[in-house]
Amino acid sequence: FLILLLILSALVSGSEVAFFSLSRKDLDEIKTEENKLSNKILKLRSEPRRLLATILISNNLINISIVIISDFLIRNVLGDEILLSWAEAVSKIIPLEPYDICRTLSFLITIVGVTFLLVLFGEVAPKIYANLNNMKFAKLMATPMSLLSSFFKPFSMLLVRWSSKLESRFIQERTGIDDTSKEDLD
């Protein structure tokens, strides 16, 4: 199940690069194909903020699930006894309570190990692949992203609205700074 989630994370992460790296020429080529898959890609690209929100929501849910399941597996596979025996060995070197070291070891294994796997296999590698094969990857992920977009529509629309409000506020603040005269600053 953990490997399946890691694959899903890779696919969703790669989708971001695949969809947003399609050039005008690629999009024109897709338009000429006139099939369901091409129409899905064009529809997804017609609402880029919603697509990005869907990708971010999906990827975060998947990655959080990976961390939670990994923590559960580490605790059950390694077991408290093994971690505690490691912690007792470390406590001879570092003057801390074995229980505190045990919790720290479990945390470090989960966070460092899972972060490494997520960054390498769930982010970097799929994004490199998707960048080199953006058309192929976009076609592969058009249907899943359309389904996710429909499923997460209420959340993605809310995220898009909030980000638009933040963006307009930052633009207003930036405009105000640009209009400031030297005398105002003095």
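Valine 112 is part of helix α6, which covers residues 98-132. Helices (H or I, at least four residues) and strands (E, at least two) are DSSP runs, numbered from the N terminus. The model is predicted: local features need pLDDT of at least 70, side-chain atom pairs count only at pLDDT 80 or more, and totals for chains, interfaces and linings use all residues. Residues are numbered from 1 along each chain as its sequence is written, and side-chain values use heavy atoms, with hydrogens and water left out.

Valine 112 counts as exposed because its relative accessibility is 53%; buried means under 20% relative accessible area, exposed over 50%, and partly exposed in between (1.4 Å probe, protein chains only). Together with Phe107, Leu108 and Ile111, Val112 makes a nonpolar surface patch of about 360 Å². Patches are made of residues with over 30% relative accessible area and no salt bridge; like charges are joined within 9 Å, and nonpolar side chains (Val, Leu, Ile, Met, Phe, Trp, Tyr) within 5 Å. Accessible areas come from the Shrake-Rupley method with a 1.4 Å probe, and for residues only the protein chains shown count as cover.

**A network of salt bridges**

A salt bridge is a side-chain nitrogen of Lys or Arg within 4 Å of a carboxyl oxygen of Asp or Glu. By this rule, the count is five salt bridges. One of them joins glutamate 16 to lysine 127, with the closest N and O atoms 3.7 Å apart. Glutamate 16 belongs to helix α1 (residues 2-20) and lysine 127 to helix α6, so this pair ties together parts that are 111 residues apart in sequence.

Lysine 127 also forms a salt bridge with glutamate 123, where the closest N and O atoms are 3.1 Å apart. Lysine 127 and glutamate 123 both lie in helix α6, four residues apart, or about one turn of the helix. Glutamate 16 counts as partly exposed at 25% relative accessibility, as does lysine 127 at 24% and glutamate 123 at 21%.

**A further salt bridge**

Glutamate 47 forms a salt bridge with arginine 50, the distance between the closest N and O atoms being 3.4 Å. Glutamate 47 is partly exposed, with 32% relative accessibility, whereas arginine 50 is buried, with a relative accessible area of 9%.
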